[in-house]
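Have the viewer open while you read.

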Amino acid sequence: MGSTWGTSLLLLLGLLSVACQPTPQQRYDESTLQTALVERIARGEVRLERLGMARRPEHPFFGRIVEISLRNTSNRPILIAIEPGQLLRSRSPETTDLVVTSREEIALDVGQVAQREIEVFSLSRRKLSMTRETVYDLGNLLEGDTYTFVTCFAANRPAEPPPPPPGSGLPPQKLDLTPVQLALWCVADSLDRQALLEGTALNPLLKGGEYGRSRDYFDGQAKYVQGLLDSCGLAKYKF
């Protein structure tokens, strides 16, 4: 699914918010439907100890980059499910909200605390990526096209590449989820290739030649991004 992120492109997406400003016309909405985890916290069965950046996040916007810490405060062992489509709401209006994209189950004995790194994606590229100081709250499920895309990806997620042959000396390969993030921004944040490139052109921190490399990169990702949108019944969005 696409090619791996290069250093220059991590820099590009990490600095794009210098040029892009928050938009009042976000396309994602939070439903009134609470998740099972939020309901259990409300009933006093579970306490949320921490929800923030993982110890060593691989990317600034997506992947297993959030750590959640939960304590069983009930009088019996419980199994907690974290569902795709769960909104993580940033307390800072300048920092992007996140959405969970992979179902997680956590078994807890009475009084036990467990930490888990969960997979999330950014919902807005027009806002800043999270930092170690960012605090998130558990929201409800998303709804609309953004929820449709997230649950479609979760249900049809490609398998990770197989490990290299023993003794080959080759490094293990990881599934590149960059097109998923770009497709999600297209749906939730109205960002297509042109909007991303316009942000790049306005960014004073990027050196000469980055615009052309960025254009080539986004053009190369386009078929994967559009394929994801089309396969999830969201062909009306054009990357």
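## Ground rules

A residue is called buried when its relative accessible area is under 20%, exposed when it is over 50%, and partly exposed in between, using a 1.4 Å probe and protein chains only. Helices (H or I, at least four residues) and strands (E, at least two) are DSSP runs, numbered from the N terminus.

Keep in mind that this is a predicted model: local features need pLDDT of at least 70, and side-chain atom pairs count only at pLDDT 80 or more, while totals for chains, interfaces and linings use all residues. Residues are numbered from 1 along each chain as its sequence is written, and side-chain values use heavy atoms, with hydrogens and water left out.

## The chain as a whole

The protein chain holds six helices and nine strands. Of its 239 residues, 48% count as buried. A contact here means heavy atoms within 4.5 Å. Among the contacts in the chain with a separation of 6 or more, 76% are between residues 24 or more positions apart.

## The sheet

Seven strands make an open sheet in the order β1-β9-β5-β6-β8-β3-β2, with antiparallel pairing. Its edge strands are β1 (29–30) and β2 (46–53), each of which pairs on one side only. Two strands count as paired if DSSP finds at least two bridges between them.

β2 pairs with β3 (residues 63–72) in the antiparallel sense over seven bridges, and V46 has N72 in β3 as its bridge partner. β3 is also joined to β8 by seven bridges, again antiparallel; there, I68 has R116 in β8 as its bridge partner. β8 and β6 pair in the antiparallel sense over three bridges, with V100 standing opposite V120 in β8.

Two helices are worth a look here. Helix α3 (residues 144–155) lies across β6 (98–100), β8 (113–122) and β9 (136–143), and runs at about 95 degrees to β9. Helix α4 (residues 178–188) packs on the sheet too, touching β6 and β8, and its direction makes about 65 degrees with that of β8. For these angles, axes are lines fitted to C-alpha atoms (for helices, over the stretch in contact), and values run from 0 to 180 degrees between N-to-C directions.

How many of the residues of α4 are buried? The count is 11 of the 11, so α4 is largely enclosed by the rest of the structure. The buried residues include P179, Q181, W185 and C186. S190 has a positive phi of about 55 degrees although it is not a glycine, and it is partly exposed, with a relative accessible area of 29%.

## The bent helix

Helix α6 covers residues 210–231, and its 22 residues should span 32 Å at 1.5 Å a residue; the end C-alpha atoms are 31 Å apart, which agrees. The expected span is 1.5 Å times one less than the number of residues. Still, α6 bends by about 40 degrees at A222, where the bend is the angle between axes fitted to the seven residues ending there and the seven starting there.

A222 is itself among the buried residues of α6, along with others including Y217, F218 and L229. G212, also in α6, counts as partly exposed at 22% relative accessibility. After the helix comes G233, whose phi is positive, near 75 degrees.

## Two buried polar side chains

E104 sits in strand β7 (residues 104–108) and is buried, at 7% relative accessible area. Its side chain makes a polar contact with the side chain of R64 at 2.7 Å. A polar contact is a pair of N or O atoms within 3.5 Å; within protein, one must be able to donate a hydrogen and the other to accept it, and residues adjacent in sequence count only if both atoms are side-chain atoms. Not counting residues up to four places away in sequence, E104 touches several residues, among them I80, I82 and R116.

T96 belongs to the loop between β5 (86–90) and β6. T96 is buried, with a relative accessible area of 1%. The side chain of T96 reaches the backbone nitrogen of L123 at 3.3 Å. Leaving aside neighbours within four places in sequence, T96 is in contact with residues including S90, S122, K127 and Y136.
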